[in-house]
Amino acid sequence: CEQLEAIKIEDLKTFADWDATTQQIIAMQAQWKTIGYAPQKTNATIFERFRLACDSFFVQKAKFYQEQKDSQNENLAKKKELVEKLKRKFIDEAKALCSLQHPGIVSVFDVFEENGTAYYVMEFIEGKSLDAIIKQNGPLSEARALKYIRQVAGALKYVHDHNRLHL
């Protein structure tokens, strides 16, 4: 009983702590069953003390697990709220991009939501990405790099002139 009563609940901070201590208690309960009989009155008194200590531990364990579950549910709700906020922002920006027409900006044709996920349909551009060109041919010449930089800068200026942020 002393071992069980000596458990400091306040030291149990993690699921692993609680699980390890639970295993210790289960081992103590198994050991209890292997010990022979004692005088009935003394045995009943000791057993009652042992059972109360076990019950107290498991009540505290249930409380810990419930607090953890509640905390995780709160975190989940906050994350879902953030995802919804970002999804709305994504949809609003994508809809705004539908109205932009510039040679340096891929056209967005449609924006929709399906199964809780936001999508947009955009123009397919034939060719290689800048990354693929550099990997295949090595660094760009200064003239070619400046050409791309001017194109990107022109597109960014157009987007900003239309009060849009780059996604």
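## Ser107 and its surroundings

Leaving aside neighbours within four places in sequence, Ser107 is in contact (heavy atoms within 4.5 Å) with Gln101, Val121, Met122 and Glu123. This is a predicted model, in which local features need pLDDT of at least 70 and side-chain atom pairs count only at pLDDT 80 or more, while totals for chains, interfaces and linings use all residues. Residues are numbered from 1 along each chain as its sequence is written, and side-chain values use heavy atoms, with hydrogens and water left out.

Ser107 is placed in the loop between H3 and strand E1 (108-114). Helices (H or I, at least four residues) and strands (E, at least two) are DSSP runs, numbered from the N terminus. With a relative accessible area of 14%, Ser107 is buried; buried means under 20% relative accessible area, exposed over 50%, and partly exposed in between, with a 1.4 Å probe and protein chains only.

## Ile105 in the loop between H3 and E1

Ile105 also belongs to the loop between H3 and E1. Its relative accessible area is 16%, so Ile105 is buried. Not counting residues up to four places away in sequence, Ile105 touches Glu123, Ala155, Tyr158 and Val159. Pro139, by contrast, lies 34 residues from Ile105 in sequence and 24 Å from it in space, C-alpha to C-alpha.

## Helix H3

H3 is built of 59 residues and reaches 85 Å from its first C-alpha to its last, close to the 87 Å expected at 1.5 Å a residue. The expected span of a helix is 1.5 Å times one less than its number of residues.

Which residues of H3 are buried? They are Phe50, Ala53, Cys54, Phe57, Lys61, Phe64, Lys87, Ile91, Glu93, Ala94, Ala96 and Leu97. The buried residues of H3 pack against helix H1 (2-5), H2, E1 and strand E2 (117-122). An α-helix has 3.6 residues a turn, so residues three or four places apart point the same way.

## How H2 packs on H3

Helix H2 (residues 15-34) and helix H3 (residues 40-98) pack at an angle of about 160°, with their axes 11 Å apart. H2 is therefore roughly antiparallel to H3. Axes are lines fitted to C-alpha atoms, for helices over the stretch in contact, and angles run from 0 to 180 degrees between N-to-C directions. Angles under 35 degrees count as roughly parallel, over 145 as roughly antiparallel, 65 to 115 as roughly perpendicular and the rest as oblique.

The crossing of H2 past H3 is left-handed. In the contact of H2 with H3, 13 residues are nonpolar, seven are polar and two are charged. Ala, Val, Leu, Ile, Met, Phe, Trp, Tyr, Cys and Pro count as nonpolar, Asp, Glu, Lys and Arg as charged, and the others, Gly among them, as polar.

## Residues with greater accessibility

Asn115 lies in the loop between E1 and E2, and is exposed, with a relative accessible area of 75%. Asn115 has a positive phi of about 50° although it is not a glycine. Most residues other than glycine have a negative phi.

Thr117, in strand E2, counts as partly exposed at 35% relative accessibility. Its C-alpha atom is separated by 15 Å from that of Lys95, 22 residues away along the chain. Lys8, in the loop between H1 and H2, is partly exposed, with a relative accessible area of 49%. Lys8 and Leu86 are 78 residues apart in sequence and 44 Å apart in space, C-alpha to C-alpha.

Definitions and conventions: Left-handed = near helix turned anticlockwise from the far one by under 90°.
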